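Have a look at the structure first, then read on.

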Amino acid sequence: QVQVAESGGGLVQPGGSLRLSCEASGSIFPYTMGWYRQAPGKERELVASITSDGETKYSDSVAGRFTISRDNAKNTAYLHAVSLKPEDTAVYYCNAGNSRLKVIVAPWGPGTQVTVSS
């Protein structure tokens, strides 16, 4: 079973940037990888995804500011976030699944906290 572990979060000022990493215990090659976030009092939402062919999708709230990428050789997915806003504050999670991420294959990891504040 694939397991995932997120890292790279932290405290950043508005307008700043972060690079999050998602390292998987097994091969991510067949899977679509997704980055999700959950803000306090809100449901977890999918913000970015990348298929095994490299096709990317973004939620409207992060499009143009976040970039998802993957390195299959390292079994790692990344989320590069720039122009961060206070409303980006959340716990960020990653997972792997089928093409539309309707089915995910890994247990949810602990996530990595991103706090955007001056």
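## An all-nonpolar lining

The lining of the largest cavity divides into seven nonpolar residues, no polar and no charged ones. The residues lining the largest cavity are Leu-18, Leu-20, Phe-66, Ala-81, Leu-84, Tyr-92 and Val-114. A cavity here is a set of points on a 1 Å grid over the protein atoms alone where a 1.4 Å probe fits but cannot get out, and lining residues have an atom within 4 Å of a point.

About 30 Å³ of space sits in this largest cavity, and searching the whole structure turns up one cavity of 30 Å³ or more. Grid points are joined across faces, edges and corners, and the volume is the space filled by probe spheres set on the points.

## Ground rules

This is a predicted model, where local features need pLDDT of at least 70, side-chain atom pairs count only at pLDDT 80 or more, and totals for chains, interfaces and linings use all residues. Residues are numbered from 1 along each chain as its sequence is written, and side-chain values use heavy atoms, with hydrogens and water left out.

## The overall build

The protein chain has zero helices and 10 strands (DSSP runs numbered from the N terminus: H or I of at least four residues for helices, E of at least two for strands). Its radius of gyration, taken over C-alpha atoms, is 13 Å, close to the 13 Å that the globule rule gives for 118 residues, so the chain is as compact as a globular protein of that length. That rule is 2.2 Å times the number of residues to the power 0.38.

Buried residues (under 20% relative accessible area, 1.4 Å probe, protein chains only) make up 45% of the 118 residues.

## The disulfide

Cys-22 and Cys-94 form a disulfide, with sulfur atoms 1.9 Å apart (the cut-off is within 2.5 Å). The pair ties together distant parts of the chain, 72 residues apart: Cys-22 is in strand β3 (residues 18-24) and Cys-94 in strand β9 (residues 90-97). Both cysteines are buried. The S-S torsion is about 70 degrees, so the disulfide is right-handed.

Strand β7 (residues 66-71) has Phe-66, Ile-68 and Arg-70 on its covered face, and Thr-67, Ser-69 and Asp-71 on the uncovered one. Six bridges join β7 to antiparallel β8 (residues 76-81); strands pair if DSSP finds at least two bridges between them. Ile-68 stands opposite Leu-79 in β8.

Key
Buried means under 20% relative accessible area, exposed over 50%, partly exposed in between (1.4 Å probe, protein chains only). On a 1 Å grid over the protein atoms alone, a cavity is a set of points where a 1.4 Å probe fits but cannot get out, and a pocket is an open set with protein on both sides within 12 Å along at least five of seven lines; lining residues have an atom within 4 Å of a point. Ala, Val, Leu, Ile, Met, Phe, Trp, Tyr, Cys and Pro count as nonpolar, Asp, Glu, Lys and Arg as charged, and the others, Gly among them, as polar.
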